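Me: I am new to this structure and would like a close look at one part of it, the nonpolar core. Please also say something about the surface around it.

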Amino acid sequence: MIEPLSEEERADALDALPDWDYDEARDAISRRLTFADFSEAFAFMARVALLAEKMDHHPEWSNVYNRVDITLTTHDAGGLSTRDVVMAEAIDTIAA
Ligand code: HBI
């Protein structure tokens with residue numbers, strides 16, 4: 001069982017992830033990323049896909065041309081867990 005973040009842990013995590021929006025209804029975080037073109041967007045997605053497999057933690061995401069919308073939540077925890085925070089930080093690094 002993966003434990004969900006506590007209120008305090010979540011507040012601290014959100015403070016450290018300014019580019020992510022919190023979805024209270026789902027206890028999830030989302031970010032929209034825009035790239036130069038589809039090729040750049042897909043290259044980003046390929047890197048995140050490899051990370052997801054390595055972490056055994058997978059984003060909910062969609063891609064329209066140069067735009068990638070990502071939502072992170074931990075299904076096994078019913079909300080945000082440390083896995084989502086680690087993945088969001090890694091995504092921010094890849095996208096930087
Ligand atoms: N990805 N976002 C997310 N949430 C999960 O709970 C999850 C996952 N990827 C794989 C995974 N869980 C494994 O634990 C499988 O057992 C489902």
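Reply:

**The nonpolar core and the surface**

In this predicted model, the largest nonpolar core has 22 residues. Those with the most contacts inside the core are Trp20, Ile29, Phe44, Val68, Ile70, Leu72 and Ile91. Four elements each supply at least two residues of this core: β2 (28-34), α2, β4 (67-72) and α3 (82-95). Of these, α2 gives the largest share, six residues.

Helix α2 covers residues 38-55, and phenylalanine 38 is found in this helix. The relative accessibility of phenylalanine 38 is 37%, so this residue counts as partly exposed; buried would mean under 20%. Phe38 also belongs to a nonpolar patch on the surface, formed with Phe42, Val64 and Tyr65. Together the four residues of the patch have about 420 Å² of accessible area.

One of its members, aspartate 12, lies in helix α1, which runs over residues 7-15. Aspartate 12 has 47% relative accessibility and therefore counts as partly exposed.

Another aspartate, at position 23, is found in strand β1 (residues 21-23). Its relative accessible area is 29%, so aspartate 23 is partly exposed. Aspartate 23 and threonine 71 are 48 residues apart in sequence, while their C-alpha atoms are 9.1 Å apart in space.

Conventions
Residues are numbered from 1 along each chain as its sequence is written. This is a predicted model: local features need pLDDT of at least 70, side-chain atom pairs count only at pLDDT 80 or more; totals for chains, interfaces and linings use all residues. Side-chain values use heavy atoms; hydrogens and water are left out. Buried means under 20% relative accessible area, exposed over 50%, partly exposed in between (1.4 Å probe, protein chains only). Patches are made of residues with over 30% relative accessible area and no salt bridge: like charges are joined within 9 Å, nonpolar side chains (Val, Leu, Ile, Met, Phe, Trp, Tyr) within 5 Å. Accessible areas come from the Shrake-Rupley method with a 1.4 Å probe; for residues, only the protein chains shown count as cover. A salt bridge is a side-chain nitrogen of Lys or Arg within 4 Å of a carboxyl oxygen of Asp or Glu. A nonpolar core is a set of buried Ala, Val, Leu, Ile, Met, Phe, Trp, Tyr and Cys residues joined through side-chain atoms within 4.5 Å.
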